[in-house]
Amino acid sequence: MLENSNETPYLGLPHIHAHQGQKEVTANQFADGLDTAIAGSIIIPLDQKIEYTLTTVEARQAILIFTGVLTAPTTIIIPTERANRKFIVMHHGSDNFPLLIRHLDTPSITLQPNQRGWIVSDGTQLYLL
């Protein structure tokens, strides 16, 4: 675990400092980050893509819903970071192609059409629970 005294260790949420002005700004950032990590969801259309790399903002969502017309198996790259390491992933793409979910340069987890999974990252590799 990487530590930064300015952030929480796992979600990377900002700490409020004793002599900080505008504490409400940091408190609001903290609340928004926590809300995203435990209840945030995003729909990501994958129309005809064969690879898609999540942005940091997308990767911090608790629920990832993949949709769209798939024309081949599609690889989803989840960035390796300290923030949200647990995801509920839903494969709602059309046709009969799987999603191959992984960190860069790691083995993939396969999610079949209409399958849902809870995925956990140890910061290096993904695991399907």
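Me: In which sense do strand β3 and strand β5 pair, and over how many bridges?
Reply: This is a predicted model. Strand β3 covers residues 63–69 and strand β5 covers residues 86–94. Their pairing is parallel, and the count is 7 bridges.

Me: Which residue in β5 does Thr67 stand opposite?
Reply: β3 spans residues 63–69 and pairs with β5. The residue in β5 that faces Thr67 is His92.

Me: Which strands stand at the edges of the open sheet of 5 strands, and why is one side of each left without a neighbour?
Reply: The order is β1-β3-β5-β8-β9, with mixed pairing. Each edge strand has a single partner strand, so one of its sides has no neighbour in the sheet. The edge strands are β1 (41–45) and β9 (126–128).

Me: What does the twist average from one strand to the next there?
Reply: The strands follow the order β1-β3-β5-β8-β9. From one strand to the next, the twist averages 25 degrees.

Me: Which strands stand at the edges of the open sheet of 4 strands?
Reply: This sheet has the order β2-β4-β6-β7, and its pairing is mixed.

Me: How many bridges join strand β6 to β7, and which residue is the bridge partner of Leu100?
Reply: Strand β6 covers residues 99–102 and runs antiparallel to β7. The two are joined by 3 bridges. In β7, Leu100 has as its bridge partner Thr110.

Key. Residues are numbered from 1 along each chain as its sequence is written. This is a predicted model: local features need pLDDT of at least 70, side-chain atom pairs count only at pLDDT 80 or more; totals for chains, interfaces and linings use all residues. Side-chain values use heavy atoms; hydrogens and water are left out. Two strands pair if DSSP finds at least two bridges between them. Axes are lines fitted to C-alpha atoms, for helices over the stretch in contact, and angles run from 0 to 180 degrees between N-to-C directions.
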